[in-house]
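This report goes through a few local features of one structure. Look at the sequence and the model before reading on.

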Amino acid sequence: MCTLEKRGQLFLLKLAGDGEHRLNPTLLDSITSAITQIRSDPSSSQSVLITTSDGKFFSNGYDLALADSDPSLRVVMDSKLRSLVADLISLPMPTIAAVTGHASAAGFVLAMSHDYVLMRRDRGFLYMSELDIELVIPPWFAAMIRMKIGSPAARRDVMLTAEKVTAERGLEMGIVDSSYGSAAETVEGAVKLGEELVRRGVDGHVYGGMREALLKQVLHTIGSNESVSNRMRNSGSKL
Amino acid sequence: MCTLEKRGNIFLLTLTGDNEHRFHPDAIATILSLLGQAKSQANRGSVLITTGHGKFFSNGFDLAWAQSSGSLAGAAERLHQMVESFKPVVAALLDLPMPTIAALNGHAAAAGLMLALSHDYVYMRRDRGVLYMSEVDIGLSMPDYFAAMIRSKIGTSAARREVLLSGKKIRGEEAVALGIVDSAAHDSAEGVVEATVGLAEKLAAKKWKGDVYASIRKSLYPELCEILGLKATIFATPKL
């Protein structure tokens with residue numbers, strides 16, 4: 001599901017295997033448990049997290065097919081992702097998403113939940129797919145987008161045209177921090193950046209607190225009940 | 001004063017006549033009614049383009065009508081009436097179940113600029129026409145929803161200052177640089193309209209579901225929607 005490796009002071013969390021890494025309850029639990037492990041490591045406040053994936057996808061979003069078979073799981077997946085993102089926002093260390101494949105909808109949000117987004121430019125895109133698949137965008141997703149994408153026109157392009165954002169466009173929009181020629185180079189870039197951040201020697205607890213303060217509005221929307229009840233009204237899909 | 005035509009997928013809302021297209025209460029009511037019509041006839045692939053005839057897109061509220069009331073109190077009341085009745089026009093555009101494009105044939109000032117900014121995309125002329133928030137020059141205060149619109153649609157602190165506080169008449173090229181409009185590439189009103197039709201056709205081809213589109217649009221602007229009393233709830237069934 002997901003693997004966790006430690007390289008020096010770098011934690012490498014990988015969404016493993018060749019599939020779409022759909023954020024179903026099992027994968028979300030697996031990632032959450034990896035984050036818990038990271039937190040409990042004694043040197044965590046001098047570390048850096050890098051999140052990446054195998055294969056063609058970073059993550060293709062929630063497991064919608066699963067939600068169709070059991071609509072109650074829609075709420076479960078959303079609730080687990082909210083917890084996970086809140087966890088990432090308070091994590092006492094810098095976080096880097098090494099996006100080596102497509103990141104759609106909830107997968108895009110997961111990538112954006114990291115402090116740095118590094119992406120391959122030879123393939124793959126970031127994609128808020130909801131408009132194309134006739135889903136509304138949860139208010140907390142919109143709050144993350146408002147936080148991480150500065151230009152109103154870029155937000156409109158992402159949410160209201162469901163643009164398939166390449167690394168190049170991502171750089172223009174300020175969603176992506178740097179781009180690389182291949183998946184391997186992206187991870188390498190993340191490792192280099194991670195090592196540089198470790199060298200700066202920032203106290204992770206201070207860092208995590210700062211990040212929470214910066215993303216206060218996003219945390220507030222994640223925690224809000226209104227968002228939960230809006231989504232509960234989503235009925236089943238026609239296949 | 002205002003017409004609605006349908007050309008294939010495109011609804012064309014035109015502020016007619018070679019005048020300033022000032023928003024008198026009658027004009028506001030007409031625009032609101034025509035937007036209601038477009039909404040009721042909306043289909044997947046519908047798109048709205050709003051444009052005008054002549055030198056002005058719109059020069060804002062009908063201040064002459066306000067002043068002709070004969071008293072200071074009367075003028076204030078009439079102005080208040082226009083400010084309040086224009087709010088539903090902005091709300092209707094934010095709620096419209098189709099992409100919206102403003103094709104600025106000419107000057108857009110004050111409430112006229114607000115009308116333009118209420119659209120998803122704004123195209124203006126390169127050669128003529130300015131954007132102008134006149135309030136600071138004529139000593140009018142700003143309605144809350146105008147300020148929220150500026151905050152929602154204009155991203156940088158410098159750009160907001162230029163628009164709101166400087167009383168500057170902003171021409172096409174600068175408007176693009178400031179991120180206020182999407183394009184100012186054409187040297188005629190016809191050129192702008194043609195370009196917006198091109199964009200409209202691209203958007204129409206996506207055949208998006210209108211109520212989903214409107215819901216996602218509203219979730220882009222929560223502060224503005226709150227001030228306008230717009231809710232973003234919808235029942236949505238995803239297609240896989």
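Is His21(B) buried or exposed? His21(B) has a relative accessible area of 6%. Residues under 20% count as buried, so His21(B) is buried. The model is a predicted one, and the values below are computed from it.

## Two residues with positive phi

His21(B) sits in the loop that joins β2 (10-15) and α1 (25-40) of chain B. Its phi is near 50°, a positive value in a residue other than glycine. Most residues other than glycine have a negative phi.

A second case is found in chain A. Glu134(A) has a phi near 60°, again positive in a residue other than glycine. Glu134(A) belongs to the loop between β8 (126-127) and α5 (139-148) of chain A. With a relative accessibility of 3%, Glu134(A) counts as buried.

Gly107(A) is part of helix α4 (residues 106-112) of chain A. Its relative accessibility is 0%, so Gly107(A) counts as buried. Apart from neighbours within four places in sequence, Gly107(A) is in contact with Leu23(A), Phe58(A), Ser59(A) and Gly61(A). Between Gly107(A) and Leu135(A) there are 28 residues of separation in sequence and 15 Å in space, taken from C-alpha to C-alpha.

In chain B, Ser183(B) is in strand β10 (residues 183-186). Ser183(B) counts as buried because its relative accessibility is 13%. Which residues does Ser183(B) touch, not counting those up to four places away in sequence? They are Val122(B), Tyr123(B), Met124(B) and Val176(B).

## A helix with a buried face

Helix α9 (residues 204-214) of chain A has the buried residues Gly204(A), Tyr207(A), Gly208(A) and Arg211(A). Seen down the axis of α9(A), these buried residues fall within an arc of 95°, so they line one face of the helix. The cover over the buried residues of α9(A) includes α3, β5 (95-99) and β7 (116-120) of chain A.

The face of α9(A) turned away from the buried side carries exposed residues: His205(A), Met210(A) and Ala213(A).

## Two helices packed in chain B

Helix α3 (residues 72-95) and helix α6 (residues 144-153) of chain B pack at an angle of about 35°, and their axes are 10 Å apart. On the α3(B) side, the contact is made by Val83(B), Phe86(B), Lys87(B) and Val90(B). Asp144(B), Tyr145(B), Phe146(B) and Met149(B) make it on the α6(B) side. By class, the residues of this contact are 6 nonpolar and 2 charged, with no polar ones.

## Cavities

Rolling a probe the size of a water molecule over the atoms shows where empty space is left. How many cavities of 30 Å³ or more does the structure hold? There are 2.

The largest cavity contains about 60 Å³ of space. Its lining has 13 residues, and those nearest its centre are Gly45(B), Ser46(B), Met98(B), Pro99(B) and Trp208(B). The elements that give two or more residues to this lining are α9 (189-204) and α10 (210-220) of chain B. The lining of the largest cavity is made up of 8 nonpolar, 4 polar and 1 charged residues.

The second largest cavity has a volume of about 50 Å³. Among the residues that line it are Leu13(A), Ile31(A), Thr51(A), Leu84(A) and His114(A). Two or more lining residues come from each of β2 (10-15), α1 (25-40) and α3 (72-90) of chain A. The lining of the second largest cavity divides into 7 nonpolar and 2 polar residues, with no charged ones.

Key
Residues numbered from 1 in each chain as written. Chains lettered and ligands numbered in written order. Predicted model: local features only at pLDDT ≥ 70, side-chain atom pairs only at ≥ 80, totals over all residues. Heavy atoms only, no water. Axes fitted to C-alpha atoms, helices over the stretch in contact; angles between N-to-C directions. Helix = DSSP H or I, 4+ residues; strand = E, 2+ residues; numbered from the N terminus. Contact = heavy atoms within 4.5 Å. Nonpolar A, V, L, I, M, F, W, Y, C, P; charged D, E, K, R; others polar. 1 Å grid on protein atoms, 1.4 Å probe; cavity = no way out; pocket = protein on both sides within 12 Å on 5 of 7 lines; lining within 4 Å. Points joined across faces, edges and corners; volume = space filled by probe spheres on them. Buried < 20%, exposed > 50% of the residue type's maximum accessible area, 1.4 Å probe, protein only. Arc of directions from axis to C-beta.
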